[in-house]
Amino acid sequence: MTKWVYAFGDGKAEGRAGDKNLLGGKGANLAEMCNLGLPVPPGFTITTEACVHYYGNGRAYPGELEREVDAALEEVGRITGKKFGDPANLLLVSVRSGARASMPGMMDTVLNLGLNDETVEALARDAGDERFAFDSYRRFITMYCDVVLGLDHEVFEEILEDEKAQRGVELDTELSAADWRQIVDLYKAKVVEELEKPFPQDPREQLWGAIGAVFSSWMNHRAITYRRLHDIPESWGTAVNVQAMVFGNMGDTSATGVAFTRNPSTGEKALYGEFLVNAQGEDVVAGIRTPQNLTESARIAAGSDKPSLEKVMPEAFATFVDIANRLERHYRDMQDLEFTIERGKLWMLQTRSGKRTAKAALKIAVDMAGEGLIGKDEAVARIDPASLEQLLHPTIDPKAERNIIGTGLPASPGAATGEIVFTSDEAEELKGQGRKVILVRVETSPEDIHGMHAAEGILTTRGGMTSHAAVVARGMGKPCVSGAGGLRVDTRAGTLMAMGVTLKKGEVITIDGASGQVLKGAVPMLQPELSGDFAAIMEWADGARRMKVRANAETPADARTARSFGAEGIGLCRTEHMFFDEDRIISMREMILADTEDGRRAALAKLLPMQRSDFVELFEIMAGLPVTIRLLDPPLHEFLPKTEEEIGEVAKVLGVDPAKLTERTEALHEFNPMLGHRGCRLAVSYPEIAEMQARAIFEAAIEAGKTTGSPVVPEIMVPLVGIMKELDFVKARIDETAKTVMAEKGETIDYLVGTMIELPRAAIRAHVIAEAAEFFSFGTNDLTQTTFGISRDDASSFLETYRQKGIIDQDPFVSLDQEGVGELVRMATDKGRATRPDIKLGICGEHGGDPSSIHFCEEVGLDYVSCSPFRVPIARLAAAQAAVKRA
């Protein structure tokens, strides 16, 4: 029989850390901490399987669940000596979600559950603190209404702000017990007014309402968005954790806090976090009060005059430091901890592997390898390859003039410039228009996830280093400045006031996530220098990986960037990009307009020296590393003017009749150019184009070989081959040109001729094509289009709908469709090697920089992947992880 509930507490647990898929990350780690003998409030976890059952059966619970929950509640009561719902011996609980993947702030939490008009009096009596009891009750009403009853928390915040204003106080802690009693009455009256029914008083009704709300929160908008951004499957479900309440709001000997065992921004080995005296956990991350530093050193560094936990509660602090160190050693990773101190006693509420910036991840991995906690291969495996993009964000030029209009906390590193927007919807809308924005908020909430994703950076006026904005921005790799209290945001008026300056929506600001500064206007940026930790991880990765990593590059700037990031050659040089320069497009158009082969050859002769000089520079930069050059691929009409005005201007420059140019443009028009007269089909129709390009390649190879002293072995790639005879035809022209050039120059060079596999027919006939082709490069962009019958340019209009409805898991243009397109790659690889065992195999589509696709390439046994220059480090790391995983 399926077990739906797992208990923990009193130094033992039914689960353990390895049960994350069943108990969720929070539940599994609570169980593990109990098994380690750490102070954890007792409780129980309802499994993720119960959530899956809930959604698979019309939102109905498993039949045995209620009985198992009752039994687990009885056990919690036994351990605590209390009873749920009994005013004489009151047990209150918290109800929290806990998916197997960390989703901070994305789902719902209810604290102080079990309070009602009767039990609140019992809590006041038991605690000897009426103010604490009614403060807890008002918090519970707010949370329960927001999470379970659908009444927004802002309704209650307005009441609270009005009542504080009437009493002339700013902080919640300044309100008395009598004040809280009155506010609770106002809250309950508001519930009746809004919902036409009183706030529920039955603790069991409250509990099952909260359990249902946590399950339901798995499918709320913000959770769905977070899962989409982080590739978390909907089918995983969430667990529910029910735990005895401990209170950080029981006066000045109580507190609550959040900590990381190492700095999540820099990776420094130092306790990092914040706490609040006389508060509950939600207060720390909500940004309603400004938190205090944990350690004296952090307080001094921050210039804060508020005492640290180390000073306020030294005994509890010492215990916490010991536990933090113990948990980091146990898990062998930096931990994200939540704790509460109730009247001097420390309780641990959570531990999990902490989210961190890419810079911090590198330092932590390298340091832990140096400390002997982990090995080098594990250090390499610890780094998310995609996160390395964070290191490539620009920073502000130190020489730049800084017009500082405010300062907050440096919550997430990097710098960003953009137009001010005040809502997430505006951010998403302007991002869709190609505009860069900075999302400016008083504080962010989980509902802002889409706007944060759309923005270049985030600025908040409230909240600390562990606020929602800070945690989510770090996870996204977005610069963030939080807690900029000197700024005033008026969302309704659309203004940001700072140091006497009023900025409106649409005006440009720059934020510096490293210093916390907010600057007026755009500021010059610098590309980052990669750290020594980066170099160490890359060195270890290069030692572990099997596949080579090349770059897609056709400009000298791209080639140099690729080399600086460790590219081992060029896997795709798109020669057509070289023809769009202003001084070349005219000759290209002359060639297209020519009526005879002689006319085309005359125009191509003008292009030859330009093309040759391009190749010389690329060969020299690569200094003997392989360079794969793709012959002209796009249809010729792409080089011609489109509008009547453009046609007139071009005709004047070329000295031809505009009517002739129009006629030629129309003649070249195709209904579906992706499947039209392009690639090798152009070389068959106009072999003189391929001959010119081949000549330019061979002449450049000879010249660059002499200047660098490193022999150049060019790889000439014939695109869009589907029929063996197409390749035979074009290769014959290339070989003939090679003989001619070598004879003219008196030099002999080696070269390879191969093809892109980008048509299903080419994959199916790969064993035949390999008779002529010395290498295959899988052009998975076009192979995906031709396999699915989908235009990449048009697919965005419906692929997201497909993903949302579960028809596909991911956009196949982003991550390789391993079942379909991947099967063709596998087939072509096997067939090609059967014919030519030493055939060189690589991938040059966008998938060459996608970690999941790179793992597939390792599995299939490709020789290299090729990607954009800035993704080369990502590919190097992903290739190493794939090799380690297969070893």
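**Entry 1: helix α23**

I began with what covers the buried residues of α23, and found that the cover includes α21 (582-593) and α24 (658-668). I note here that the model is a predicted one. Which residues of α23 are buried? In this helix, residues 644-654, I listed Ile647, Val650, Ala651 and Leu654. I then looked down the axis of α23: the buried residues fall within an arc of 105 degrees, so they line one face of the helix. On the other side of α23 I found Glu645, Lys652 and Val653, which are exposed. I also checked what follows the helix. Gly655 comes after α23, and its phi is positive, near 70 degrees.

**Entry 2: helices α6 and α7**

I looked up how α6 (residues 153-167) packs against α7 (residues 177-195). The angle is about 145 degrees and the axes are 10 Å apart. The crossing of α6 past α7 is right-handed. Which residues of α6 meet α7? From α6 I wrote down Val155, Phe156, Ile159, Leu160, Glu163 and Arg167. Their counterparts in α7 are Asp179, Trp180, Gln182, Ile183, Leu186, Tyr187, Lys190 and Val191. I sorted the residues of this contact by type and got 9 nonpolar, 1 polar and 4 charged.

**Entry 3: a sheet of 5 strands**

I traced an open sheet of 5 strands, in the order β11-β10-β9-β12-β13, with antiparallel pairing. Why is one side of β11 and of β13 left without a neighbour in the sheet? Both β11 (292-293) and β13 (345-353) stand at the edges and have a single partner strand each, so one side of each has no neighbour there. Strand β9 (residues 255-260) is joined to strand β10 (residues 272-277) by 6 bridges, and the two run antiparallel. As one of these partners I noted Gly257, whose bridge partner in β10 is Phe275. Helix α13 (residues 314-331) packs on this sheet and touches β9, β12 (335-342) and β13. The direction of α13 makes about 25 degrees with that of β13.

**Entry 4: a sheet of 3 strands**

I found another open sheet, made of 3 strands in the order β21-β22-β23, again with antiparallel pairing. The twist from one strand to the next averages 20 degrees. I counted 4 bridges between β22 (residues 495-498) and β23. Thr495 has Lys504 in β23 as its bridge partner.

**Entry 5: residues in loops**

I looked for residues other than glycine with positive phi and noted two. Arg332 has phi near 55 degrees and sits in the loop between α13 and β12. Is Arg332 buried or partly exposed? Its relative accessibility is 32%, so I put it down as partly exposed. Ala623 has a positive phi of about 45 degrees, and its loop lies between α22 (597-622) and β29 (627-630). At 39% relative accessibility, Ala623 is partly exposed as well.

Last, I looked up Asp838, in the loop between α32 (821-835) and β33 (840-843). The relative accessibility of Asp838 is 63%, and since exposed means over 50%, Asp838 counts as exposed.

Key. Residues are numbered from 1 along each chain as its sequence is written. This is a predicted model: local features need pLDDT of at least 70, side-chain atom pairs count only at pLDDT 80 or more; totals for chains, interfaces and linings use all residues. Side-chain values use heavy atoms; hydrogens and water are left out. Two strands pair if DSSP finds at least two bridges between them. Axes are lines fitted to C-alpha atoms, for helices over the stretch in contact, and angles run from 0 to 180 degrees between N-to-C directions. A crossing is left-handed if the near helix is turned anticlockwise from the far one by less than a right angle, and right-handed if clockwise. Contact means heavy atoms within 4.5 Å. Ala, Val, Leu, Ile, Met, Phe, Trp, Tyr, Cys and Pro count as nonpolar, Asp, Glu, Lys and Arg as charged, and the others, Gly among them, as polar. Buried means under 20% relative accessible area, exposed over 50%, partly exposed in between (1.4 Å probe, protein chains only). The arc is that of the directions from the helix axis to the C-beta atoms.
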